[in-house]
Amino acid sequence: MAGQDKMAAVPQAVYRPASVEEAWALKQKFGGAAALIAGGTLLQMKREQGAVFPPCLISLEHIKELYDIHVSAQNLAIGSCVRLSDLRKNSLIEKDWHILHEAVRRVAAPAVRNRATIGGNVCYMSGDTIPALLSLGAKAVWFDGDYKTDDLQVFLQQAPLHPSCILTAILLPEPPAVEKKICFYQKIGRRAAFTPSLTVVSFFAGLTNENRVEQIRIAAGGGSSFPKRLTACEQFLKGKVLAEEVMAVAHEKIMEEYDPLPDAFATVDYRKKAASNLIVSTFISFLNGKDGADEAEA
Ligand SMILES: Cc1cc2nc3c(=O)[nH]c(=O)nc-3n(C[C@H](O)[C@H](O)[C@H](O)COP(=O)(O)OP(=O)(O)OC[C@H]3O[C@@H](n4cnc5c(N)ncnc54)[C@H](O)[C@@H]3O)c2cc1C
């Protein structure tokens with residue numbers, strides 16, 4: 001998982017297990033002296049910033065089952081080693097899970113996306129795809145001696161407590177049948193080259209023809225803030241008919257609920273206002289019949 005210390009100048013051993021169980025057993029054996037590695041882009045970037053690799057690397061690259069993308073009656077299952085560039089090329093994801101397609105487009109440059117994996121982006125804990133996945137109702141399948149399936153938010157809370165755990169797949173539920181929907185993903189960053197994003201917001205809203213909110217999932221993250229669902233705001237909006245007065249209260253709820261971390265690039269207040277304004281202005285644009293959902297309108 002992200003945040004492993006005990007780094008050495010060069011890795012003394014690189015293990016390439018062929019199964020999840022074997023990779024987990026190696027991580028259990030070496031503990032903090034080993035790091036799991038998927039695409040390696042984040043670890044390489046950290047090394048360039050001054051950190052060095054731990055003595056052992058456990059590469060997930062040879063575990064074939066982690067590369068599958070398959071559809072079942074209920075879910076789209078995406079193996080954790082699927083590259084971001086392959087997600088971007090997947091026509092099913094582009095059509096039915098467009099928020100994720102858009103989020104992937106906004107991560108780094110094509111050369112990085114050709115190596116970077118969805119599992120690495122999630123296990124980085126601040127990856128820009130996480131708000132998109134949360135707003136799509138994603139679940140995480142993970143291995144820590146046995147397989148578990150949890151809401152992605154639960155996995156993100158549990159993973160730091162289970163340093164050997166391996167994320168094996170992301171499950172996306174089938175898009176719900178709703179009369180109308182708004183799908184939105186937006187990332188505010190400082191420049192194209194990698195600096196942590198300032199704010200990332202993503203939401204899915206399923207509406208009746210009268211604009212009553214039937215389903216809603218709103219997520220926010222960005223910078224080193226832990227991405228999370230804005231459940232108090234979701235509860236407030238659920239069942240309400242969208243109107244400007246309703247969205248004014250929703251704005252206050254987001255300002256109260258969203259608790260980003262400050263860093264050298266943006267204050268807490270800036271991040272809160274950016275998230276609230278983006279979410280509320282998208283709903284209001286939708287009400288006014290404009291394309292309020294930016295590039296991610298579905
Ligand atoms: C130039 C550049 C630009 C970037 N821009 C962005 C950006 O715009 N947005 C963004 O979100 N990120 C960005 N990144 C960070 C990073 O590249 C991505 O987040 C990427 O998706 C990480 O995936 P990876 O497979 O390379 O992860 P790795 O580097 O292999 O691993 C990342 C972390 O996750 C752990 N890990 C990986 N897979 C698993 C697994 N299956 N189970 C458990 N733990 C696992 C590793 O131990 C490590 O701690 C950028 C990086 C670079 C170098």
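Because the model is predicted, local features need pLDDT of at least 70 and side-chain atom pairs count only at pLDDT 80 or more, while totals for chains, interfaces and linings use all residues. Residues are numbered from 1 along each chain as its sequence is written, and side-chain values use heavy atoms, with hydrogens and water left out.

The protein chain contains 12 helices and 12 strands; these are DSSP runs numbered from the N terminus, with helices being H or I of at least four residues and strands E of at least two. The radius of gyration is 19 Å, close to the 19 Å that the globule rule gives for 298 residues, so the chain is as compact as a globular protein of that length. This radius is taken over C-alpha atoms, and the globule rule is 2.2 Å times the number of residues to the power 0.38. The C-alpha trace spans about 60 × 45 × 30 Å along its principal axes. Of the 298 residues, 50% count as buried (buried means under 20% relative accessible area, exposed over 50%, and partly exposed in between, with a 1.4 Å probe and protein chains only). Contact means heavy atoms within 4.5 Å. Among contacts between residues at least 6 apart in sequence, 62% join residues at least 24 apart.

The chain is divided into domain 1 (13-59), domain 2 (64-173) and domain 3 (180-296), with bounds from an automatic or database domain assignment. The C-alpha centres of domain 2 and domain 3 lie 21 Å apart. To their contact, domain 2 gives 21 residues and domain 3 gives 24 residues. Together the two domains bury about 1800 Å², of which 56% is on carbon and sulfur atoms; buried area is the accessible area (1.4 Å probe) that two parts lose on being put together, summed over both. R106, D128 and P131 supply 29% of the area that domain 2 buries against domain 3, more than any other three residues.

The largest nonpolar core has 38 residues, and those with the most contacts inside it are I78, L100, L152, F155 and L172. A nonpolar core is a set of buried Ala, Val, Leu, Ile, Met, Phe, Trp, Tyr and Cys residues joined through side-chain atoms within 4.5 Å. Domain 2 and domain 3 both give residues to this core, so it lies between them. A second, separate core of 26 residues includes I182, F203, I218 and L230. Not counting residues up to four places away in sequence, I78 touches several residues, including L87, I93, L100 and L172.

S80 is found in the loop between strand 5 (75-79) and helix 3 (84-89) and, at 3% relative accessibility, counts as buried. Beyond four places in sequence, the residues that S80 touches include T117, I118, T168 and A169. C165 is found in the loop between helix 9 (152-158) and strand 8 (166-173) and is buried, with a relative accessible area of 0%. K228, in strand 12 (residues 225-229), is partly exposed at 22%. Leaving aside neighbours within four places in sequence, the contacts of K228 include L134, Q153, E257 and D259. The C-alpha atoms of K228 and D259 are separated by 9.6 Å, although the two residues are 31 residues apart along the chain.
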